[in-house]
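Trainee: Could you take me on a close look at a single part of this model? I would like one connected walk through the residues there, please.

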Amino acid sequence: MAEIARSIVARLRQFLGDRRSLKRQKASLPFSLSLSSPARSLNGARRVSTMGGHTMDLSSNGVSLILPKITLGEHHLIGENRLNVKLELPVGPVEMQVMPVHYESLEDHETETGYLIGAKIVSMSDEDRVKFAEFVSSLTDRKR
């Protein structure tokens, strides 16, 4: 039922326009994702599970992530408050914490498979923020 609702909302956005204030720029960049609080194993050591994917688009305050699964281990990614993302920019990697806002299955998508997670960027180092902002700005400049 929830999948149907998300699909309807996604299609409405296509016809009515998107309500997001900052225009997202198309960009397919590889990334790795991990949980912000790694699970502990039986011996007390932290286990960090990661999953790779690529972006669909991004803006200065958000990213659309395409992943093969909506779960990482036994954790549902939308149920997590924050996720760690290491995004591979052409100028080098940047790390950020993001908060998932919505997701949808891409089973009916023409070219993508898996899941799309829309996420808000909640923290990033100053150095990574500058590199990321410059990259997003370069995408905007190319369209003009």
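Mentor: Happy to! Let us begin with Gln97, which counts as buried, because its relative accessibility of 19% is under the 20% cut-off for that class. Please keep in mind throughout that this is a predicted model.

Gln97 lies in strand S10. Its side chain is joined to that of Asn84 by a polar contact of 3.2 Å. Setting aside residues up to four places away in sequence, Gln97 touches Ser36, Arg82, Leu83 and Asn84, and also Lys120, Ile121, Val122 and Ser123.

With a relative accessible area of 27%, Ser123 is partly exposed. Beyond its neighbours within four places in sequence, Ser123 is in contact with Met96 and Gln97, and with Arg82 as well. Arg82 is 41 residues away from Ser123 along the chain, and the C-alpha atoms of the two are separated by 9.7 Å. Arg82 is also on the list of residues that Gln97 touches.

Now for the aromatic side of this part. A search of the whole structure finds one aromatic pair. Tyr103 and Tyr115 form it, with 6.3 Å centre to centre and 50° between the planes, and the pair is tilted. The label follows because an angle over 60 degrees would count as edge-to-face and one under 30 as stacked. Where do the two rings sit? Tyr103 belongs to strand S10 (residues 92–105) and Tyr115 to strand S11 (residues 115–124), so the pair ties together parts that are 12 residues apart in sequence. Tyr103 is buried, at a relative accessible area of 11%, whereas Tyr115 is partly exposed at 23%.

That leaves the loop between S10 and S11, where Glu112 is found. Glu112 is buried and yet has no salt bridge. How far away is the nearest side chain of opposite charge? That side chain belongs to Lys26, and it is 8.9 Å away; a salt bridge would need a side-chain nitrogen within 4 Å of a carboxyl oxygen. What Glu112 does have is a polar contact of 3.1 Å between its side chain and that of His54. Apart from neighbours within four places in sequence, the residues in contact with Glu112 are His54, Met56, Ile66 and Leu106.

Definitions and conventions
Residues numbered from 1 in each chain as written. Predicted model: local features only at pLDDT ≥ 70, side-chain atom pairs only at ≥ 80, totals over all residues. Heavy atoms only, no water. Phe/Tyr/Trp six-rings, centres within 6.5 Å; stacked < 30°, edge-to-face > 60°. Helix = DSSP H or I, 4+ residues; strand = E, 2+ residues; numbered from the N terminus. Buried < 20%, exposed > 50% of the residue type's maximum accessible area, 1.4 Å probe, protein only. Contact = heavy atoms within 4.5 Å. Polar contact = N/O pair within 3.5 Å; in protein donor to acceptor, adjacent residues only side chain to side chain. Lys, Arg positive; Asp, Glu negative; His and termini not counted.
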